[in-house]
Amino acid sequence: MRFIHCADLHLDTPFSGLSGGSSAEIRQAELRQTFLSIVELARGTDALIISGDLFDQDAVEPETIRTLTRGFASLGETRVLIAAGNHDPLVEKSYYRLAAFSPNVHIFGPELERVTVADCDIYGISFRQMNQTESLLAGFCADAGRPSVMVMHGNLGGQDYNPLMREAVETSGLSYLALGHVHSHSEVKLGQTLCVYPGCPEGRGFDELGAKGVVSAEVTEAGVKTAFVPVCRRRYYEITTDITGLVTQEELIGAIKAQLLEKQDLYKIVITGEAELVPRTEVIKEAFADFFFVKIYDRTKRPIDLEALSGEPGLRGLFARKIAERRSEEADALYNKALSYGLSAMAGEKVKLR
């Protein structure tokens, strides 16, 4: 059986981190477009498998429902197999129950079900509520002698959201465990079972960096073959630029530009280091006005004048004098670091030792 495995589309995500302007609305529309790209990848395969969190919340736009129903119907004989997750559990008023899906769409219920596609048994089960604390895989064993797939949302090795323990997977007899919930792509084999998270098809914040996509898979009696297929329209990146040694805003902007990739992507730019130059974040942001989204974080520090600081009254001055008394050329860098950490702590800042 050949299929496309996806999860965690989170359609109608509010994109609150992109507030201001039209960026959030553009990204919402792009999520629907990415869904249609996934449909095209599935065309001609045996199945499109969706392992939960197709919807982000219980408020769904009519346009989203129309996009889904038409997209699924366009697949014809290709089966669409969906297991609901924690963001879109199969409650009474779930859109999985209310929408008029075409006959090729099967939504797995809150009790374990099995369907047959090509030469493969496909099992599936949906969340009946947002927080599924008990394992939906416990005690399961697939029928022997046939390739088998399980479709579910779950937390492999976790303690909540359908916790899936290693032993339960190893004794399941499954060929392929089609998972959702974790937003980064990963594959691990436990016993004879390949456990696959395709990750989310589109990043939705700076905790979901880089390429995002789906998994193209084939399950036969001979084994399992997979390939990760990027489908995202934009990627999130976090870029760190050290200001040390730079003296002008233009030099700083040039150093940042040297690290950026594509204008359609989204960037979190963190400026670090120590220099007299004070980053002017609005000026820097204006230099990237033709990029889709850029956010600047200034984490720089100014050089410390130890002599002037030592003349201050109070705890800061006392601390500086103690450092000045003990420092030496051989340990100058060490005492500078100690001075920086101490002053940060006295200012109530979080100090991360490294």
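Predicted model: local features only at pLDDT ≥ 70, side-chain atom pairs only at ≥ 80, totals over all residues.

Helix H2, residues 62-73, holds 12 residues and reaches 17 Å from its first C-alpha to its last, close to the 16 Å expected at 1.5 Å a residue. Its buried residues are Thr 64, Ile 65, Thr 67, Leu 68, Thr 69, Gly 71 and Phe 72, and these pack against helix H1 (23-42), strand E2 (47-50), strand E3 (79-82), helix H3 (95-98) and strand E4 (105-107).

The buried residues of H9 are Leu 339, Ser 340, Gly 342, Leu 343 and Ser 344, which pack against helix H7 (306-310) and H8. After H9 comes Gly 348, with a positive phi near 85 degrees. Leu 315 belongs to helix H8 (residues 314-326) and, at 58% relative accessibility, is exposed; together with Leu 318 and Met 346 it makes a nonpolar surface patch of about 270 Å².

The cysteines form zero disulfides. For Cys 6 the reason is distance, because its sulfur lies 11 Å from the closest cysteine sulfur, in Cys 200, which is too far for a bond. Cys 120 is likewise in no disulfide, the nearest cysteine sulfur, that of Cys 141, being 15 Å away. Both side chains belong to buried residues, with a relative accessible area of 1% for Cys 6 and 0% for Cys 120.

Across the whole structure there are 17 salt bridges. One of them joins Arg 43 to Glu 40, with the closest N and O atoms 2.7 Å apart; Arg 43 is partly exposed at 35%, as is Glu 40 at 48%. Another joins Asp 56 and Arg 204 at 3.2 Å, N to O, and links distant parts of the chain, since Asp 56 sits in the loop between E2 and H2 while Arg 204 sits in the loop between strand E12 (193-197) and strand E13 (213-220), 148 residues apart. In this pair Asp 56 is buried at 10% relative accessibility, whereas Arg 204 is partly exposed at 21%.

The side chains of Asp 121 and Arg 146 also meet in a salt bridge, at 3.1 Å, N to O. Asp 121 lies in strand E6 (residues 120-124) and Arg 146 in the loop between E6 and strand E7 (148-153), so the pair ties together parts 25 residues apart in sequence. Finally, Arg 27, Glu 30, Glu 202 and Arg 234 are linked in a network of salt bridges.

Notes. Residues numbered from 1 in each chain as written. Heavy atoms only, no water. Disulfide = S-S within 2.5 Å. Buried < 20%, exposed > 50% of the residue type's maximum accessible area, 1.4 Å probe, protein only. Helix = DSSP H or I, 4+ residues; strand = E, 2+ residues; numbered from the N terminus. Expected span 1.5 Å × (residues − 1). Contact = heavy atoms within 4.5 Å. Patch = residues over 30% accessible without salt bridge, like charges linked within 9 Å, V, L, I, M, F, W, Y side chains within 5 Å. Areas by Shrake-Rupley, 256 points an atom, 1.4 Å probe, with all protein chains shown as cover. Salt bridge = Lys/Arg side-chain N within 4 Å of Asp/Glu carboxyl O.
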